[in-house]
Amino acid sequence: MPLPYYVSPEQMMQDKAEYAQKGISKGRSTIVMEYEDGILFFADNPSASLNKISEVYDRIAFAGAGKYSEFESLRKAGIRHADLKGYAYSRDDVSAKSLANAYSQSMGTMFSQEIKPLEVEILVAEVHDGSGANEIYRILYDGNICDEKGYAVIGGKSEAVKVFLKDKYRAGMNLKESLKLSVEALESTVKTKLEKENMEVAVLDRGRNGRKFRRIKIDELITLLS
Amino acid sequence: MWNSSFYDYLVSEHPGLLPQKELNNSEVSSVNREMLKNVPHGTTVLALKYKDGVIIAGDRRATEGYQISARRVEKVYRCDDYSAIAISGAAGACIEMAKLLQVELEHYEKLEGVTLTTEGKANKLSQMIKANLPLAMQGLIVIPIFAGYDLNKQEGRIYKYDVTGGRYEETDYYATGSGGKDARSTLKKFFSPGMTEDKGIQLALESLYDAAEEDVGTAGPDLVRGIYPTVKVIKKTGIEDVDSVTIETVYKRLIGDKQKSAKKER
């Protein structure tokens, strides 16, 4: 019987990471940005029905980049986690922090134990009423979790978008300004004009009662971008 | 593979969180059965159609046997933007079922990206009531009314249920609970298709008033404490609460009319 080839753990992890990164950077970027009245989610998405952005709970939303089937099942698991917690305790007990931690745990386990790593990067954001600060968590394919301030970018050429946003982003922009900045940021990396039909836009609007998540439909988008 | 039902998820993964718990034989002795009868019970709820949709209402009393256990209990719950559930029966189980239905509808909407049809919502509720049958046999009966605005058909819809989960659609109005029969009499007398919203609200409140006159379990308007029945209106633009000032005005006029006619009789 031939002996199995020996691969050092470092090599194996590195290979997996490279594989995952390659898969994630193939897609297009998604931007999450804090604005005056909440948090804006902006994605370049040619599909009208296969969403990259989704509501999770009253104040929490989700964005995924990479392989659709993989982040879709993470999204569903997140909604189940949140709904279960809100049902068993109270609606106010559901927090982005606990959700992000749960994601981090399960994605970390999958990265180290499965042969094929997840080719996804996800964002979980929570908007706060009044004085509390918003929370944005970015969770990587290997379960690494980062706490982001102001804006965050996942998928595609995320580094380039981040560099673009670094100088141009300022706190307290209104919805119109932050939306325009997001469009510019994505266009700067793809070097083409984005079609409005291909934009997936949603907000966590602090001003709404109960469920803060709202999708911005094409009519409103045209007005906002004019 | 998972489906999009929160209820099914609870059944398979967290059965302890379900409203219904099956009791074993030793727990179902006649003494315990008496005890179960004395848990708080909700009384009269009703729903009726009007020109633009459907009105759903309920009084605020809960009883424990012959005692009043709560004066401000809420029996009409918003399920989502286009539907509501009104409950009568064992209050604890009822409230939990209403809460579970709310989560169920929201869960489905988030997972699938679309809302269920009115028919679909009513059907899901029917399955929950059916699952409650073992408890119902032991005395904890849950009998709701489900009302919604059907966006496809552009009309209000009313569903009533029996204890086995049987689901029946009503064409005009329905009332259930301990004073349900009395409320139905008033509804039957004065209901006409295509009523205005004001007329519909008035009829709902008058029916509850009449039920309170005949049934010990049903509360009339509590003018001293300022507690009035809950009324919600569901139409094309969504669900709205009728504010207590409107309800108070309707009742004051109703009581004034009744006083006048009583004086004439004397």
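This is a predicted model: local features need pLDDT of at least 70, side-chain atom pairs count only at pLDDT 80 or more; totals for chains, interfaces and linings use all residues.

I began with the contacts between the chains: 14 residues of chain A touch 17 residues of chain B, where contact means heavy atoms within 4.5 Å. The two chains bury about 1,500 Å² between them, and 57% of that is on carbon and sulfur atoms. Buried area here is the accessible area (1.4 Å probe) that two parts lose on being put together, summed over both. On the chain A side, R80(A), L84(A) and Y87(A) lose the most area to chain B, together 53% of what that side buries.

Residues are numbered from 1 along each chain as its sequence is written, chains are lettered from A and ligands numbered from 1 in the order in which they are written, and side-chain values use heavy atoms, with hydrogens and water left out.

Next I looked up the largest pocket, which has a volume of about 1,400 Å³. For the record, a pocket is an open set of points on a 1 Å grid over the protein atoms alone, with protein on both sides within 12 Å along at least five of seven lines; a cavity is a set where a 1.4 Å probe fits but cannot get out, and lining residues have an atom within 4 Å of a point. Points are joined across faces, edges and corners, and a volume is the space filled by probe spheres set on them.

The pocket has 48 lining residues, with E55(A), R211(A), D81(B), E109(B) and T115(B) nearest its centre. I found that α3(B) gives the most to this lining, with 9 residues; helices (H or I, at least four residues) and strands (E, at least two) are DSSP runs, numbered from the N terminus. By class I have 15 nonpolar, 12 polar and 21 charged residues in the pocket lining.

Then I turned to cavities and found 1 of 30 Å³ or more. The largest cavity has a volume of about 50 Å³, and its lining includes G42(B), K75(B) and C94(B). β7 (83–90) and α3 of chain B are the elements that give two or more residues to that lining.

For C79(B), the nearest cysteine sulfur, that of C94(B), is 13 Å away.

Notes:
A disulfide is a pair of cysteine sulfur atoms within 2.5 Å. Ala, Val, Leu, Ile, Met, Phe, Trp, Tyr, Cys and Pro count as nonpolar, Asp, Glu, Lys and Arg as charged, and the others, Gly among them, as polar.
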